[in-house]
Amino acid sequence: MPPELQPPAPTEAQAETQAEKAEVQAYFESTGFERWNRIYSDSEEVNRVQRNIRIGHQKTVDAVLAWLQQQGDLASRSFCDAGCGVGSLSLPLAALGAGSIAASDLSAAMVAEASRRASEAGLASDRLSFSASDLESLQGRYDTVICLDVFIHYPQAAAEAMVRHLAAMAERQLIVSFAPYTPLLAVLKQIGQLFPGPSKTTRAYTLREDGIVAAAAAAGFRPVHRSLNQAPFYFSRLIAFERDPARSAA
């Protein structure tokens, strides 16, 4: 290929992001999958830290399901579960009668397990689909786009870019959760230091809420619900955004 037709070399930041994504993918295709599949299950083979992470994550999922049920009309709505893991949100949402759910995860192992659990639960495959994909590659238009406890793998600028990308896919609502920046957590070099032993071995990031909100606002969304869900060793800020009618009209 002539030099003038070759794509530009990735920037240092892009190269770092790609390397980190490859690290996360490799982790969740190996020991990470075994560990987190056990955490997001009913298994008793978890330590105290892992059990509390399970409890905290379930609080976040339950809060999202409660919001969606309050809005009603689930059967006519389409959902994108970006970073679905083993289906902690997708499966109960499908059981509640959601019209359609496109669930995806970077880890093919996680996707396979989510699909297995859906089949075991007898959930209709025509309304619930799974695919292996990174967030950057997701496309389509959905009533509601949801991304829970995934931004922990993204530094601030990349997370804000991802909020804008996911918002562009949402017709009505965007729901995200992330580990919020606090002075207490800032004292620690990374969230992983909160987890004794090998409970988590990839880098993790806390994010500034004002940056996430600003990124959503730039895409035409305003926050309508907030909650802070926590258990020992688990901190997650959950925000539901809705498309701003004023911005849409403009």
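**Note on the predicted model**

1. Where pLDDT is low, the predicted coordinates should not be read in detail.

2. Overall confidence. Mean pLDDT for the protein is 86, with 84% of residues at 70 or more. Residues 188–192 are below 50, and have ten contacts beyond near neighbours in sequence.

3. Conventions. Residues are numbered from 1 along each chain as its sequence is written, and side-chain values use heavy atoms, with hydrogens and water left out. Local features need pLDDT of at least 70 and side-chain atom pairs count only at pLDDT 80 or more, while totals for chains, interfaces and linings use all residues.

4. H2 against H3. Helices (H or I, at least four residues) and strands (E, at least two) are DSSP runs, numbered from the N terminus. The axes of H2 (residues 31–39) and H3 (residues 48–71) come within 9 Å and cross at roughly 65°. Axes are lines fitted to C-alpha atoms, for helices over the stretch in contact; angles run from 0 to 180 degrees between N-to-C directions. H2 contributes Arg35, Trp36, Arg38 and Ile39; H3 contributes Gln50, Ile53 and Arg54.

5. H2 against H5. Here the axes of H2 and H5 (residues 108–120) are 10 Å apart, at an angle of about 35°. Phe33, Trp36 and Asn37 of H2 meet Ala109, Met110, Glu113 and Arg117 of H5.

6. Main core. A nonpolar core is a set of buried Ala, Val, Leu, Ile, Met, Phe, Trp, Tyr and Cys residues joined through side-chain atoms within 4.5 Å. Buried means under 20% relative accessible area, exposed over 50%, partly exposed in between (1.4 Å probe, protein chains only). The largest core has 31 residues; Leu135, Phe151, Leu166, Leu174 and Phe241 touch the most other members. H6 gives the largest share, six residues. Leu135 touches residues including Ala82, Cys147, Phe151 and Met162.

7. Another core, of 22 residues, lies apart from the largest one. Trp67, Leu68, Leu89 and Ala94 are among its members.

8. H8. Gly211, Ile212, Val213, Ala215 and Ala216 are buried in H8 (residues 209–218). The buried residues pack against H6 (156–168) and strands E5 (170–178), E6 (221–231) and E7 (234–243). Glycine 220 follows H8, with a positive phi near 90°.

Definitions and conventions:
Contact = heavy atoms within 4.5 Å. pLDDT = per-residue confidence, 0-100. Lists of a residue's contacts leave out its neighbours within four places in sequence.
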